[in-house]
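I opened my notebook with this model on the screen and jotted down what I looked up. Have a look at it alongside me.

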Amino acid sequence: MAKVLLSQKNVENHICRETCSLHAGKNMIIPPGIKDYLQTIGISIHYGPKPAKQEVLVEPVTAAAQATVEHPAVTGEITTLTKRIVAILRDEYQVEDEETLHAICLQVGKQINI
């Protein structure tokens, strides 16, 4: 079987949006630039045998966090990081204001250059 070299042109075809992950099998070559890109958009890379369909690779997002992520106030690419930030703010700090959640997510993004 031929090896697959991931590039900007084909990387989106290999990303599983449901789990925010990319499964890297033995036949896949992932250049450092593509790894950086995947990290920037919140996609994790999983190596080894492909998991069964029922196996979950990321922790579930709370219903409250999911509702906020889908709210129009949270714009741009929704990443695992954004979901986790919203979950922490809602569950541990009881932040409910959509504008505050949005502002904090943007500020964190700026701080880590995404």
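**Entry 1: A87.** I started with A87, which sits in helix α3 (residues 80–93); helices here are DSSP runs of H or I with at least four residues, strands are runs of E with at least two, and both are numbered from the N terminus. Is A87 buried or exposed? I found it buried, because its relative accessibility is 7%; buried means under 20% relative accessible area, exposed over 50%, and partly exposed in between, with a 1.4 Å probe and protein chains only. I then checked A87 against L101: they are 14 residues apart in sequence and 10.0 Å apart in space, C-alpha to C-alpha.

**Entry 2: ground rules.** I am reading a predicted model, where local features need pLDDT of at least 70, side-chain atom pairs count only at pLDDT 80 or more, and totals for chains, interfaces and linings use all residues. I number residues from 1 along each chain as its sequence is written, and side-chain values use heavy atoms, with hydrogens and water left out.

**Entry 3: helix α4.** L101 turned up again among the buried residues of α4, along with H102, C105 and G109. Seen down the axis of α4, these fall within an arc of 100 degrees, so they line one face of the helix; the arc is that of the directions from the helix axis to the C-beta atoms. On the other side of α4, I noted E99, K110 and Q111 as exposed. Helix α4 covers residues 98–111 and reaches 20 Å from its first C-alpha to its last, close to the expected 20 Å; the expected span is 1.5 Å times one less than the number of residues.

**Entry 4: Q94.** Between α3 and α4 I looked at the loop that holds Q94. Its phi is near 50 degrees, a positive value in a residue other than glycine. Q94 counts as exposed because its relative accessibility is 53%.

**Entry 5: the whole chain.** I read the pattern as β-β-β-β-α-β-α-α-α, which holds four helices and five strands. Of the 114 residues, 29% are buried.

**Entry 6: confidence.** Mean pLDDT (the predictor's confidence in each residue, from 0 to 100) is 74, and 70% of residues reach 70 or more. Where is confidence lowest, and where highest? I found the lowest in helix α2 (residues 63–69), at a mean of 50, and the highest in strand β4 (residues 28–29), at 90. Over residues 71–77 pLDDT stays under 50, and residues 54–61 also stay under 50. Where pLDDT is low, the predicted coordinates should not be read in detail.

Note on methods. Contact = heavy atoms within 4.5 Å.
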